[in-house]
Amino acid sequence: MASYLSRHPREALFHDAVEALLGDINTPLKERFPQLRAYEEEVLGKIFTGMNLTWPMPQEVRHVDARLAATEGFQFFGMSSPRAYPLYIRPWSGREAELRFIKRARELGFGSS
């Protein structure tokens with residue numbers, strides 16, 4: 001997992017950036033309405049392009065994101081998945097997530113130091 005993220009750390013950090021604009025649209029809804037997924041991808045592409053990030057998003061980032069989603073499903077909802085990582089996810093508060101995101105963004109050269 002770490003090797004994927006070390007190759008694309010900026011893209012990994014912003015892989016869910018579209019959720020800041022559109023909200024977190026759940027996967028079953030996107031499967032039912034493919035136009036939602038297409039629109040989400042279009043907006044994410046504009047975000048990535050505008051931030052000079054690799055687009056289309058690297059498959060490695062999508063792979064890790066999917067496995068982490070499976071891990072969350074297993075850990076928090078008991079959903080069995082062979083794709084889940086064998087690790088424990090400690091939930092962060094919204095404030096802790098915000099501070100960690102800002103710190104990492106600065107480490108990667110986004111914003112002012």
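Which residues are linked with R90 in a network of salt bridges? They're E96 and R100. Keep in mind that this is a predicted model.

**Salt bridges**
- In the network of R90, E96 and R100, the side chains of E96 and R90 meet at 3.0 Å, N to O.
- E96 has 24% relative accessibility, so it counts as partly exposed; R90 is partly exposed too, with a relative accessible area of 45%.
- E60 pairs up with R7, with their closest N and O atoms 3.8 Å apart. This pair ties together distant parts of the chain: E60 sits in helix 6 and R7 in helix 1, 53 residues apart.
- E60 is partly exposed at 26% relative accessibility, and R7 is partly exposed at 48%.
- E40 forms a salt bridge with K30, and here the closest N and O atoms are 2.8 Å apart. E40 belongs to helix 5 and K30 to helix 4, 10 residues apart.
- Both E40 and K30 are buried.

**Nonpolar core**
- The largest nonpolar core has 15 residues, and F14, L44, F48 and F110 have the most contacts inside it.
- Helix 2 and helix 5 are the elements that give two or more residues to this core, and helix 5 gives the most, with four.
- In soluble globular proteins, nonpolar side chains tend to be buried together.

**Negative patch**
- On the surface, D16, D24, D65 and E72 gather in a patch of negative charge.
- D24 lies in the loop between helix 3 and helix 4.
- Why does D24 count as exposed? Because its relative accessibility is 59%, and exposed means over 50%.

Terms used. Residues are numbered from 1 along each chain as its sequence is written. This is a predicted model: local features need pLDDT of at least 70, side-chain atom pairs count only at pLDDT 80 or more; totals for chains, interfaces and linings use all residues. Side-chain values use heavy atoms; hydrogens and water are left out. Patches are made of residues with over 30% relative accessible area and no salt bridge: like charges are joined within 9 Å, nonpolar side chains (Val, Leu, Ile, Met, Phe, Trp, Tyr) within 5 Å. Accessible areas come from the Shrake-Rupley method with a 1.4 Å probe; for residues, only the protein chains shown count as cover. A salt bridge is a side-chain nitrogen of Lys or Arg within 4 Å of a carboxyl oxygen of Asp or Glu. Lys and Arg count as positive and Asp and Glu as negative; His and the chain ends are not counted. The place of a charge is taken as NZ of Lys, CZ of Arg, CG of Asp or CD of Glu. Buried means under 20% relative accessible area, exposed over 50%, partly exposed in between (1.4 Å probe, protein chains only). A nonpolar core is a set of buried Ala, Val, Leu, Ile, Met, Phe, Trp, Tyr and Cys residues joined through side-chain atoms within 4.5 Å.
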